[in-house]
Every structure is written in C-alpha cells, then in structure tokens.
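I opened this one to see how the chains meet. Notes below, in the order I looked things up.

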Amino acid sequence: MSAGVAATRTRAGFYLDSVALMRISQAVQDLAGVSAAFLTMGSPSNKELLLDAGLLDAGAEAAGPNDLVIAVRADDRDALRAAFETAEAALSGPATGGGEDSGWNPRSLETGLRALPAANLAIVSVPGAFAAREARRALERGLNVMLFSDNVPVREEVALKALARERGLLMMGPDCGTAIVAGAPIGFANAVPRGDIGLVAASGTGLQEVACLIARAGGGISHGIGVGGRDLGAAVGGAMTLAAIDALDRDEATRRVVLISKPPDPDTARRIADRIAASPKRFTLCCIGMAPMDLPENARQAATLREAAEDALKGAGGAEPGATLREASRRFRHAKGSVRGLFSGGSLCAEAQAVLMAAGIAFVSNVPIPGAEDASSGHRLIDLGADEFTRGRPHPMIEPAVRDAPLKEALADPDVGVVLVDVVLGHGSHEDPAGRLAAVLAPHDREAPVVIASVCGTDRDPQNRAAQVETLREAGVVVAESNAGAAETAAALLAG
Amino acid sequence: MEDRKDPIQDLLDGPVAVINIGLAQFARTLEGQGVAAVQVDWCPPAGGDRRMIDLLDKLGA
Amino acid sequence: MTKGDVAAAVEAANARAVERMLAADPVLVDVAVAGDAIAGLGDRTILHAGPPIEWPDMCGPLKGAVAGAIVLEGWAADLDEAAELAAAGGVAFHPNHHFDAVGPMTGTITRSMPVMVVENRSFGNRAYCTLNEGLGKVMRFGGNDAEVLARLRWLAETFGPAFGAALREAGGTPLKAMIARGLSMGDEMHQRNVGCTSLLLRAIAPVLARAVDDRERLAGLFEFIGGNDQFFLNVAMAMGKAIMDPVRGIEGSSVVTAMSRNGTTFGIRVSGLGDRWFTAPVEMPRGLYFPGFSEDDANPDIGDSTIVETIGLGGFAMAASPAVAGFVGAGTAAEALNYTRAMEEITVARNPEWTIPALDFAGVPTGIDIRKVVASGRTPTINTGIAHREAGIGQVGAGIVRAPMACFERALEAFAAAMGVA
C-alpha cells in the first residue's frame, strides 16, 4: 500500500483551523506524484489517522495538540519536496486570506464587539472542545448565535439553549451550517428571494432544498432558521424550534412556516403540535421517515422536501418528475442492476430513501431513516457527509473530490445500474461541484450506468444553477428538478 | 407593537450584523453580500490550558 | 457570589481602576536629591529596577551599576572594593517600586542622586525617577567608569539644581497634554521621546534662561537636553509611576499596576492583589544591535521602564511610531498598527486623551487585565533598550521583548483565590 517515499514535518505551536488545513491538504494531494497529504494538528485522534495512513513517524508521534503536522507520501523525493513546498507556502499565506492589506482582525469576541457594536449575531465555528464556551460568551453578551461547530456534547447544547431562552436569543445549532436571516444567506446557504415563507430546520441541506425549490417556483423566504440536528430529540426537547416558531409567529413578513427535521421524539412532537395549534399561521411539517402524525388543522405533513415546498406554495410546484423520467427513459430503456446513491446532503440522502421506500424498493444506508429495510439489497444510499466520512477530511459540499473514489467505484461496478447524486450549490459550497463530477464521468461509458443528479441551488448562487445543470447534461447526466424527482426517476427506471 | 429590546426580532428585522468567530470564509461571504461582518481570528483560549480556562471562566473572562 | 457576580465585580473594579488612570493629572514639579525626596532612602541603601533581588542573583549590568553607585556615594574607594562590600551584605537592596520610584534599565538610585519629581495632582501622590544620562556608557546600562561617575556628579551638582529651580519657578510642567502631542509627533515614550523631549525643552527654556545667569552653563543645560533624544523617557517613567500608584489596592481589580524587571526576573503587580510581586524569569529582547555587537552580547530584559507600557504607551502605542516596529520587523505602518491593536486584546479601555492619528485617533490601549492576557495568550509588548551582559559596557542595541506569560498565570491563580473561586 505504501509505495514511494513518506515524510513528516512538524511546526510547533502553529494553529490553523481544520477546514483551512484540510483545504491545503487537498491542494497538496492534487499535486502530481503525491499519493497522500495530511496537514493536521497533532491531537491523539489525528495521530491515529496518521497511524492508519502509515504516516506516523517519530516526529509526528512527538507532536502535541498545539503542533501542526504535515505528512506526505509521494512517488519520489522530488514530488515529496514539492509537496512540502506547496504546503509551507500555503501556510505562510495570509491567515485570513483575501486581504491584500495586512489588515488586523480582532482576536476575541470583546474586541470584535468594539469594532462592530451593532452586532446581533455571532457565528461560531471553532473546534468542538471550545465551541460551547464561545457560544456561551456570545449569548452572555446578548448576541444571537449560529453554532456551526459539531462535537458539542448534548448536555452543553441543552445548557446553551436554556441560556438562550432565558435571554430571549436564538441559539442555532450546534452543527448548524445554514440559515437565511432578513434576506442574508448565512453559512452554507443559497441566494433566494425574500418572501412570506418561513423555514425552521434541523437540517442544513433540508433547509437549502426547500428554500431553493420555493425560490425556483417563484416563491420567497422570509427567514430560514437552523436549530441543529438534535433540537427535536428528547434531550433538547425542541427548545429552539419552539423559540423559532415564536419568532416567526410574531414576524409580520412570515405567513407560512415549514418545519424540517428528522422524526422528532414523540413527546417533543406533541409539544410542537400543541404550539402549532396555538399559531394563527399555516404550517407544513417535513420529518422525513416519520409515520403520519396527528396534527392541528393549520398543519400538514409532507413526506419529502419537495412535497413540503409544494405544500408551502399551495401546490404551485411542478409535477416535473414525469418530464425527467421521459428524458431518462428516452435514453435508457430501463436500468439493470442496483441503485448507488452518493450524497453530500444528509437530508437529501434521507429524502431519497423515503422515495425508494414509498416505491417499495428495499435498500441499505449508512444513515437509514426509520423503517428503512436493511435487507441484503444491492441498492445503497450513502451519505458522504456522515461522520465516518468527514473525520479528518472536508465535507463533500466543500470538497466534492471526496466523492471521486466512491463514484469511480460505482461506475466500474457491473452490478450498479443507476448512480444517484446530489449537487449542492450556494455560498460556502465548492465553486464548481458539477465540473468535478463531470471530470470523473468523462472517461466513462455514457450508457451504463445511468447517472441521475439533482442540483440544489438557484441561478443567483455564486455557481449559477443553470450553468451547473448544463455542465452535468454535457457530461451525460440526467438532471432532475428536485432531489425527490431524481430518486423517483431512479425508482421508475428500476421498475422498468 | 415593535419591541426594540427583543434581540430575536432585532435580528429578523435586520440588518444582520455578524461577529464571525472562526472560519473566515463565512465573514467574507457575508461581506460580499453587503452584510456587516467582523472576522475574529480565533485561537484556543489560554493556549488550550484547561486549568487556566477553568479559572478564566470563573472570573468571567 | 455566583459566577456572574464575580465577573460583574471584577468588571466594576477594573472600570474603577481605569477611571483612576484616566483621572490622573501628572505634573513634572521638581528635581530633588533622592535622599531628601524619597522617604526612607537612607545611607547604604541602593534602590534598583525590578522586583526584589539580592547581590548573588544580579546580572552583570546591575552588579556594575551597584558598584558604580557605591563608589559614587563614597561607600567604597573603588569598584572592586564596592563589589566586595555588596557581596558582604554591606548595602541594603530594595526595588524602586517600594519607594515610589522607578529607574530605567538597572535603575539604581542612591541618596545623593538627583531625581525628577512628578506629582499626580488629582491624587496628591508623587513619584521619582533619575535623570536620563544620555546614550552610550551610562550607569543605567551598568557603566561605572570615571567618565560615567563624572557625568552623574555634573547632573547632581549642576544640571539637577538648575532644572529643579526652573520647574519650581514655572509651577511645574503638566505632562498629560504633552504626551498627547508627542504621540502625534511619532513618540511612543519608550524608544522614541524626541518629540516630547523637544516639547519639554521648549516649555522650560525661557524659565531656565531666567534662572541661570551664566550663559555657558545655560548653553550646557540646553545642550544636554537637546543632545539626548531619550531625555524625556525618565519623565514619562516618573509620570507612569505617579499615574499607577493610586490604582493599587482596588479590591477585585485584575488590572496590572506595575511591570518591571531586574535583569533576572520579570515581576508584575495587580491592583486587587496589593503589593505582591508575581515573577518569572525575564526573556531576551529581539532587536537590532549597534555595530560590533550581537545577540551574544545582550543582557536579558531589565528596567522599570515597563511602567510606560503599564499606562498604555511604549509597545502599546507602537502605532504612533512605525519606525520603532522596525527594530524587529520591516517597520511598516501596518505592522506598527498591529502591535497596538494586539494590545487592545489585553486591555480594559482606550485612553480618549492619548490618541493615535494613524488609528483614526483611537486612544492607546489602557489598563492591562491579567485575565485577558492569559485568555488571549498574548503578553504585553515592550519596547526596550538592550544592555551588554557584562558590567561597565553599556547599551548595545534596542528592540522588543514580551512579558513572560508565567507572571500573569501566577497572578491569575492568586487573583482567583482572592476572589474565592480558585
């Protein structure tokens, strides 16, 4: 496995956030002749990763959690040297990037507030061990918080949300990467017009997909409030979902509300239903994988994100799956073999599962929705953004190259008849995810397997959805109007 | 009706003004859209020294 | 007290500390003989820079200055005999800070030396600092030969009395506004004092001319001040001490009231912790060296001059003096700004009266909070001269040094204990 040469370098006391390090790692790994590159802080878990990669030498072993380790394996000494040079050059670049002026950035919340006394939101994306502390400090200073960091213990989340409720603040997250507030897309979010539909989401890509479907159908979003994936669990009890409903209830710009979540804890679900009953506004609940529940008159339940968007728009959305299927069927009489879904969005993977399940197709997933049959089925729907894939590596929305290897494997697998992928656009996402997909698809036979994609985004997104769709179509990909539509097309092709 | 003291309403009413602690990309994206954002270049408090952090927390720093 | 109460109490105490700093009204009022002006400074007593230290632990320059001071006072016939006397316990050593005084570098003060007197008129306290001897071989850098001692005698017998008389005649020279103007002229009051030295000379020249009949003598006084860009440093130091002393002893305040080094240890005092010193080994300055010298010649960090940083000047006001940033870097304006902005991370407030044009007239960072120092991992930046490691040679360079973090960590532990939360 470890042909070539390997070496490590250590920089004592050099801190850079892990996403920046991972992006540099990817850039180094992309160099010719480099087979592996890791830039990582020398924490025990990271050293374990290096050990697994066969890159933990004595120097890296000696590194502590505040030391940066650069570990590279390359074909020869020249490639190794070039890799280190590239890594070092990237590290010596401006810490915050972007600024040609040697602009000073504050180093603490306090000095940040001196610079922007009108601040009303803190975005916190620091390592998990410190994330709750920074969020608490922001709440204590009267700031609403969007906590992007994950690995925050649930008891910390409960405490933070209790503090937020006590202070009348929003505590979005942890693990919240998407919000749309007062027209501003925050974190991983799309450029959507303002409108009268409010979103409350325990899922980033769920919020993105619903917002984009509404936008593309001519609707608009008042606010999209992220609450973090565990908010509707038993421990947190929907603390922020309830706060968000309160806020949207009061908000005059919001006329309808869509709630997006995994299936909630039953007690929490009741509490939410009671709260909805007390609201004068109309609600759509989309808890993918949840059995039908009793809801008050002003609420409907949607099985998929697309259905949720359509319900919020009062059925204004298109019955587009037919069109996509016609396109797919024109080119592929029917698909043989199994479906391989390779998703970057967790909720998009869940939605595809719900669609297959509704079509009576059994499948396997690394993140199965309730009721999913874990049969010996050959159909596999994989969430590449799940923890087991992102430990020490970038999220596929940021770095779509993460999907390259499993995609190549699927394309080469004679048992795979349909490959299902999502392409998530918007601020924060990779600048050209469709291009990356197309590059992997280029050398492959266009006939088998069928590749079906959905593109979550709008034409106002930095990547421009129309251009991304065009790139995919040129690469022979069947592009559906929605993620649900892509999954339905796959199911229909299988049915033949 | 308008309660200026409600910090959530203040946020939803906009304009959003952000202190971004951590990934600089978030602040850059916001600035690109005309949202006021101040980037805080975060590093671990007290160099990550747990004992010092504990004292600092107790002293409100 | 709950955690929130403790935090609020500290914030309030620190606000009070900074209020006192900003309320200060320091005025240079006199030059007096140390033994007369400084209460308790008696025979065979040597005051020195930094936290307490005894002869065996002293660095070369401090030993040199001590020996020179002993000869100057006539307690020994020559330097060798002086060293023997000191080693045998024949003199008592005390920090300047324990006697309302400060001194640059070795900082030695003995009873016959002239000291400048700064009065803080808002609080009625006085602080003292020796007269600046000029550059090159001088006692503050451990110089102690005949030339050094002769200059000290001239300062005591000629310069001091005349300058003191002029100050008394003028009713004192207020310093606060002078500092404000100096900042706009490129001074940071530690490495660069050319603006304030000139302003002081301009203010005192007419009074001095009326007080001194002999034109040659008068010219000599002007020459001494005008020929020494750092003349004002010692004024700024006495001012710093006069400003910070009333800030001592505020219960619950985590604001630093003194930072000082004796060439061996660096010490800080914290308002809420009384007069305790929290010490750690001093660090080596980084900087530029005079021709013929290098890092190998350098003595570790030394002097009471860090009182200037304690009040928000020196390294804290680097943005006013881009050139000083050049001691360790390219000396660009942006670099200098960043030094000052970094100090905003560890301070309580900005001083609205001492502003920096290049920072859009933002005030200098004021009131070092030990909590913020420990939290940020950033210790105060100090602009400093560099002494030769051996006694008697003098200054060999100038640069920048950091206060050691261990002082602040130890102080934080004691502070937490004092607040009942350790």
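Predicted model: local features only at pLDDT ≥ 70, side-chain atom pairs only at ≥ 80, totals over all residues.

**Entry 1: chain B against chain C.** I began with the contact here, counting heavy atoms within 4.5 Å. Chain B brings 13 residues to it and chain C brings 16 residues. Residues are numbered from 1 along each chain as its sequence is written, chains are lettered from A and ligands numbered from 1 in the order in which they are written, and side-chain values use heavy atoms, with hydrogens and water left out.

Next I checked the buried area, meaning the accessible area (1.4 Å probe) that two parts lose on being put together, summed over both. For chain B and chain C that comes to about 1200 Å², with 69% from carbon and sulfur atoms.

Entry 2: I looked for salt bridges (a side-chain nitrogen of Lys or Arg within 4 Å of a carboxyl oxygen of Asp or Glu). I found one between these chains: Arg51(B) with Glu413(C), at 2.3 Å from N to O. Polar contacts are pairs of N or O atoms within 3.5 Å; within protein, one must be able to donate a hydrogen and the other to accept it, and residues adjacent in sequence count only if both atoms are side-chain atoms.

**Entry 3: chain A against chain B.** Here 57 residues of chain A touch 44 residues of chain B. Together they bury about 4100 Å², and carbon and sulfur atoms account for 63% of that. I counted three salt bridges; one of them links Asp6(B) to Arg250(A), with the closest N and O atoms 2.9 Å apart. There are also 17 residue pairs in polar contact, both at pLDDT 80 or more. Which helix or strand of chain A gives the most to this side? That is α6(A), with six residues. (Helices, H or I with at least four residues, and strands, E with at least two, are DSSP runs numbered from the N terminus.)

**Entry 4: strands across the chains.** Strands pair if DSSP finds at least two bridges between them. I see five bridges joining β4(A) to β1(B), residues 17–22, and the two run parallel. Within this pairing, Leu121(A) stands opposite Val18(B).
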